Each structure stands twice: as C-alpha cells, then as structure tokens.
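Visitor: I would like to learn how to read a sheet. Please show me the example.

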Amino acid sequence: MNKNELMEYIQSNYGVEAEFPWAKFPSYIIYRHKNNSKWFALIMDVPAKKLYEGGTEDVIDIIDLKVPPELVGSLRLKENIYPAYHMNKEHWITIKLDSGFPENELKALIDDSFKLTA
C-alpha cells in the first residue's frame, strides 16, 4: 500500500482529515480522533538509515501505529516492521510503506491503533 492509498483509506474509513502540524516537516501527516487530540497514525518520509543499520540516504515512506505492548516484540520480527521512529518504542511500531507488507494486516493494525488511542 502506498502513501496516497493509505491516506484515502484512513480518511474514508475513519472520517478524519490529514493534518500537517510541523512547518519544518511539511510532508509529515497525522491523523487524530475527531473528539480529542490523540493521534492514531503518523505518516512520514525519512532516510532509510534512520530505521535500520545499513540503510541508505534514500527517503522512504513510513507509518507509525500504536499497538498493544505485548505484541510489539512479535510484530518487530516481521519484515518491514521496525521499532517506532520518533515515538515510544514500547507502544508504537513503524511500518515501511510500498514494501509488500500485507494490506489486510496493515489495515487491521490501523484499526487497532484507532481503538487503542480512543
């Protein structure tokens, strides 16, 4: 799933609009619950080297999602899932977009993040 497909999915399924809160990072997108300020998804583009050893300067799209702490370890064993970039690594994970990560699993993790942050 690429960034544009992901944005369309989130907006249509959760009825929220993309927010671009940081002038320094105009491409970073957050999705919040309508009734509070808690966000459930953060989409960014970062150099691959920020996620994993041996990564390059090539910029990749990622999403940060909240997950139950007891699942963090097992999820990180999966390909294209990393410790959360710029979030609490005990509660959040980072998924590389456009990586072949199963779309149905990504959607389920977004749904879990939405529920966990409600």
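Visitor: How many bridges join β1 to β2?

Guide: Strands of a sheet pair through backbone hydrogen bonds, either parallel or antiparallel. Here β1 and β2 run antiparallel and are joined by four bridges. Two strands count as paired if DSSP finds at least two bridges between them. Strands are DSSP runs (E, at least two residues) and helices likewise (H or I, at least four), numbered from the N terminus. This is a predicted model: local features need pLDDT of at least 70, side-chain atom pairs count only at pLDDT 80 or more, and totals for chains, interfaces and linings use all residues. Residues are numbered from 1 along each chain as its sequence is written, and side-chain values use heavy atoms, without hydrogens and water.

Visitor: Which residue is the bridge partner of Y31 in β2?

Guide: Y31 is partnered by A41.

Visitor: What is the order of the strands in the open sheet?

Guide: The five strands are ordered β1-β2-β3-β5-β4, with antiparallel pairing. β1 (29–32) and β4 (81–83) each have a single partner strand, so one side of each lacks a neighbour in the sheet. From one strand to the next, the twist averages 25°; axes are lines fitted to C-alpha atoms, for helices over the stretch in contact, and angles run from 0 to 180 degrees between N-to-C directions.

Visitor: Which residue in β5 stands opposite I63?

Guide: That residue is I95. Strands β3 (59–66) and β5 (92–96) pair over five bridges.

Visitor: Which strands does helix α2 lie across?

Guide: Helix α2 (69–76) lies across β4 and β5, at about 120° to β4. Contact means heavy atoms within 4.5 Å.
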